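Morning, everyone. Please have a look at the model on the screen, and then I'll walk you through a few parts of it.

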Amino acid sequence: MKKIFNTLALVLLVHGVSYGQQIQNANSRLDKIHAVLAQQPAWGQSDFMEAMRSMEGFSTADFTQLLLSLKPQGGDNAALEYATNSYALYVMQPGKDALRQIYVAGLLAALDTLADVNNKGYLLELLKFCAKNEAVDRVARYLNNPNLMEKAARVLTAIHSPESIEALRHVLIGDVTEKQAIAIVAALGELKATAVEDRILTLLQQYNADDFQFTALTALSRLGTAKSYVVFAEKAKAAGYAFERTNAVALALDFARLLYQNKDVKTATRLVEQIYKAASAPNAVGVKVAALGILVEMEPKKQRKNLLQLSTSENATLRTAAVGLLDKAAGPAAVQKWSSAMLKLPPAAQVSLLNVLKNRGYSTAVPAIEKSLPGLKDPASKVAAYQALAVLSKGENADFLIKQLPTAGTVEVKAIQELLVSASGSQTITAVNRALAGADEKTQLVLLEVLAKRSNTASAMQVFPLTQTGRMPVKAAAYHAWPMLVQDRDFEATIEALKTADVAFVGPLQQAAVNALLYNSARKDKVQHLADTILHTMAPTAARYFPIFAAEGSHVALHAVQHYVGLETPVRKDAIQALANWSNSNALSTLTELLRKEKEAEIFNLVFSGFVKQVNVSALTPEQKTLALRDAFSYAQTKEQKQAVLRGLKYAGTYQALVFAQHYLHDPDLKAAATDAVLTLIMDNKAFVGADVRRWLEEAKSNITGAERSYIAEAIVRHLAEMPHEAGYIALFNGQDLNGWKGLVENPIARAKMSPEELQRKQLEADRKMRDSWSAINGELVFHGHGDNIATVKQYGDMEMLVDWRLDKQGNEPDAGVYLRGTPQVQIWDISRTNVGAEVGSGGLYNNKKYPSKPLTVADNALGEWNTFKIRMLGEQVWVWLNGVLVVDQVILENYWDKNQSIFPKEQIELQAHGSQVWYRDVFVREL
C-alpha cells in the first residue's frame, strides 16, 4: 500500500463540484464518507481546505467506519489515504485539539478492529502525526506485536511525553525479544531516556547481533553518562579502533563529545585519548583524525605540539588534518611563527598551511611567504603561495606576480594569469600596462592574454605598437587582444590596419572596428564615410568591411552591402554572408528577394539560414513570423532548410504555425522537427484545444524516441487530461475541395422571405456558379476573378475566426473582404488605391456609417504577399487583428442590409472578392 504523507498545503486534483456542498448535502454516515472519497484526490487550495473543514463534522464513529473501508494491500486506497493523511495534518493546527481528539479516537477504534496488518501499520503512521497522551496505552499494546512493534515505538517517540517514555521503558524492562528490543531502544535513545541506560547495558550483553549492537550503542551515545564509558572503550577496542558495521568507534567519539558538553571533561578526554593513541592501523587513520579534531576542540593548547609534529607526518591524511586544525589550537601568533618554517614541511603540508593563512586572513604572513616562495619546489605549493599572497595583499601585489613570470613553470603561469585577471586591486591593470613594453616575450604573451580579458583606457596605447613587432607570437596575441582594448578614438587606426592585415588577423580587427563604432558619438558619420569609400573603390578588400556594416546594422550600411549583391564580383558571396549575419531585421526584405531568386545552392543556403535566423530574432509579430517562415519553407531546397523552418515555427506561438507543422508529423525527413514544434506549440499554449489538437498531440507522442520518451509521454498524458473539453478551432476549408461551402443567394433579409422551394432552387444555381468562380488548389481557396461570394453552409454567432489572404499583385483593382453574419464587411484591398481611400489599410469595417469604419493603423504586407486576420465577434462588437496588429477594437458592426435593425444574431460567414484573383487559406472558426 502506498503511503502518502505530505504537507497540509498539498494541492491535488479537483472536480467540478465543491466538497462542502456535497458533504453538507449528505444525509447519512455512509453518504458523508462517499462524498469525501468521491472528491479525492483534490486540486486547488481553497477546495482542499473546504474538504478538510467539511470533515470537521465527522464523529468518532464516522472516522472509524471510514477507516474500516481500507482495502487489503494491493487494493485501491488512494482516495482514502489522501483524505485521512491530509486530515491527520490538518487537525494539528492551533485551535483544533478537540477535532484532533475525535480523529484519534476514531483511529484507535479502527486500529483495534482492522485485521490486515498493513492497514494497521498505516493507522499507526497516521497516529504518529496527530496522537498525544490519550493514545499511549492503546498504542503500547502493539509493542508486543512482531509486525507492528517498530511502528508503535515510532508513535510513542512522536508523542514524546513522560507517559510515552514510561510505556516504552515498562516493556523494555520485561522479557523482550531482540527485534522488540531494537525497536524500543531506538525510540528511547531518540527520547534521551537516561532511566533505561542500565537496562540497555544489560541487553548489550544478551544480544550480540550487529543490528542490536548498533542500535544500543547509538542510544547510549545520545544519553551521554559515564556509566557507558567502559562499554564504549571495550567496543572501540574490539573494533580495532577502525570504522566497521556497528559503528562502535564513531559512536564512542559521539559519546565522548556529549560527555564533554555535559561537563564530564575528564571521562571524555580519557576515552578520546585512548582511541586516538590506539588508532594506529592503516585502516584506522580516519578514526585518528576524528579523535584528533575532538581533542583539539577540548584541549587546544595542549595539542599544539602534537599538531606541529603531525604536520611533518608521512601520512598525508594526518598531515593535512594537523595543518587544518593548527589555527584552532595555536591561534594567529603561533601560525605566523610557523609560516616562517614553511620550507621544512612536506608539499602537502605547505599547501594546507598556506590555505589556512589565506582563509584566516593573516596578512602579517606576507613577508614570510614571499621569502619562502623561491624555495618551494612543488608546483601545487607555489600556486597555493600565489593564491595566498593575492588574498592577503587584497589584490595589490600585481608587480610581485608579474616579476615571477619569467621563471614560472606552466602551472604557475596559468595561476598567475588567473590571479591578475581576477585581482581586486585597483592598480592591477596599470601594473600590467606598465610592465608590457619592456617584458620578455614569455611575459608579454601572458600579459596580453590578461588584457584580452581585462583592461583600462590606457591599455590600447601599450598594446597597439606590439601589432607592428616582428615577433609573430607577440604580434598575434596583440591583434587578438585588440578588440577588448579598442576605444572610440581608435576606429580609424583599426580600419587602416584592416586594409593590409594578414588574413589571420582580419577577424580580430573587424571585431575591434565594431567595438570602436557601436557606441561612438560620431557613429553615423563614420559609417557614411566608410560606405562612401567602398562604393567608390569597388576593390576586393571592401569585403573586409562587410561584417562591420552587418554589426552596425543601419540603412546606410545596408545600402553599401546591397550594392555588391547585385554585381557579379568576387565579393558577392561575402556581401550575402554579411546580409545573412545582419544584426537586426533591416536586411530581411533584401534576403526575401534573394530567397525567391537565388538558384546557386551554396549562396541560397547562406540566404536561407540568414533569413530564418533574422525572422526568429526579429521584433515581428508572431503572426508575421509565421507567414515569413511558411514563405521560406516553400522555397527550401533541402530537408535541413525545412527543418530549420519548423524549428523556428515552434516559437511562433500561433495556431497557424501549429496547423502547418502538424502536416509533417509523418514525413520521414521532417517528423522529428515537426514533432518538436507540435509539442512545444500545444503545451506552451493552453488555449489550443479541441479534437484536432488532441489528435495532433497523440500523433506527436507516437513519434517520440530516446531517453526522455517516458518523461515527455507522461507530460503529454497530463496535458491531455488537463485540457478542457471544448471544440476549439474548426477548419472551415479542408484544403482539398469546397465541402462545407455554398454559393451566395442574395442577402439574409431576402433569403428569409423566400419559400423553402425558392431558396433551394436559387441555392442550386448559386452553387453551380460558385464552382466556376472558386477552386481548391494546392491547399488554397482561390477566387478566379469573376463571380460572387462563397459562404459557409453553417451559420455562426459569437465566434473567433482565423484566415490568411493574398491579393493578386497583377490584378485589376484587387478588392476582397470577410462578411460576418452575412453582412459586409471586414475590408481587404490594395492600399495603393488611394482613389478609393484604400491607403487607410485593410481590416476596417468598411460599410459602417455610424460607427468607425477605418482601421486604427495600416498593417498590410506588400501587395501579393500573404496576410492573416484574427477576427473576434461578440454580439454586435468586432475586433480585428491584421498580421498580429489590432486594427479594429470593439467596434459595432452595423447591419448593412437594414440600418434600422441590429446585426443578425446568427448567419453565414462569407468570403468576398471581385475584380481579380484572391487566395485564402487556413480558414478556422472557434465558436464562443
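Let's begin with a pair of helices: is the crossing of α11 and α13 left-handed or right-handed? It is left-handed. Keep in mind that this is a predicted model.

Now the geometry of that pair. Helix α11 covers residues 178–191, and helix α13 covers residues 210–223. Their axes come within 8 Å and cross at roughly 20°. Angles under 35 degrees count as roughly parallel, and therefore α11 and α13 are roughly parallel to each other. Who makes the contact? On the α11 side you have E178, A181, I182, V185, A186, G189 and E190. From α13 come D211, F212, T215, A216, A219 and R222. Sorted by class, that contact of α11 with α13 has 7 nonpolar, 2 polar and 4 charged residues.

Let's step back to the whole protein. There are 44 helices and 13 strands. The radius of gyration is 42 Å, while the globule rule gives 30 Å for 928 residues. That is well over the rule, so the protein is more spread out than a compact globule. Along the principal axes, the C-alpha trace spans about 110 × 100 × 50 Å. Of the 928 residues, 52% count as buried. Take contacts between residues at least 6 apart in sequence: 67% of them join residues at least 24 apart.

Helix α31, residues 523–537, packs with α33 at an angle of about 15°. Their axes are 9 Å apart. That angle makes α31 roughly parallel to α33. The crossing is left-handed. On α31, the contact uses V527, Q528, A531, I534 and L535. On α33, it uses V556, A557, H559, A560, H563 and Y564. By class, this contact has 8 nonpolar and 3 polar residues, with no charged ones.

Helix α33 turns up again around α35. Helix α35 runs over residues 588–597. Its buried residues are L588, T590, L591, T592, L594 and L595. What covers them? The cover includes α33 (555–565), α34 (572–580), α36 (601–617) and α37 (622–635).

One last stop, a single residue. N703 is found in helix α41, residues 691–703. Is N703 buried or exposed? Buried means under 20% relative accessible area. N703 has 17% relative accessibility, so it counts as buried. Leaving out residues up to four places away in sequence, N703 touches L665, K671 and T675.

Notes. Residues are numbered from 1 along each chain as its sequence is written. This is a predicted model: local features need pLDDT of at least 70, side-chain atom pairs count only at pLDDT 80 or more; totals for chains, interfaces and linings use all residues. Side-chain values use heavy atoms; hydrogens and water are left out. Buried means under 20% relative accessible area, exposed over 50%, partly exposed in between (1.4 Å probe, protein chains only). Helices (H or I, at least four residues) and strands (E, at least two) are DSSP runs, numbered from the N terminus. Contact means heavy atoms within 4.5 Å. Axes are lines fitted to C-alpha atoms, for helices over the stretch in contact, and angles run from 0 to 180 degrees between N-to-C directions. Angles under 35 degrees count as roughly parallel, over 145 as roughly antiparallel, 65 to 115 as roughly perpendicular and the rest as oblique. A crossing is left-handed if the near helix is turned anticlockwise from the far one by less than a right angle, and right-handed if clockwise. Ala, Val, Leu, Ile, Met, Phe, Trp, Tyr, Cys and Pro count as nonpolar, Asp, Glu, Lys and Arg as charged, and the others, Gly among them, as polar. The radius of gyration is taken over C-alpha atoms; the globule rule is 2.2 Å times the number of residues to the power 0.38.
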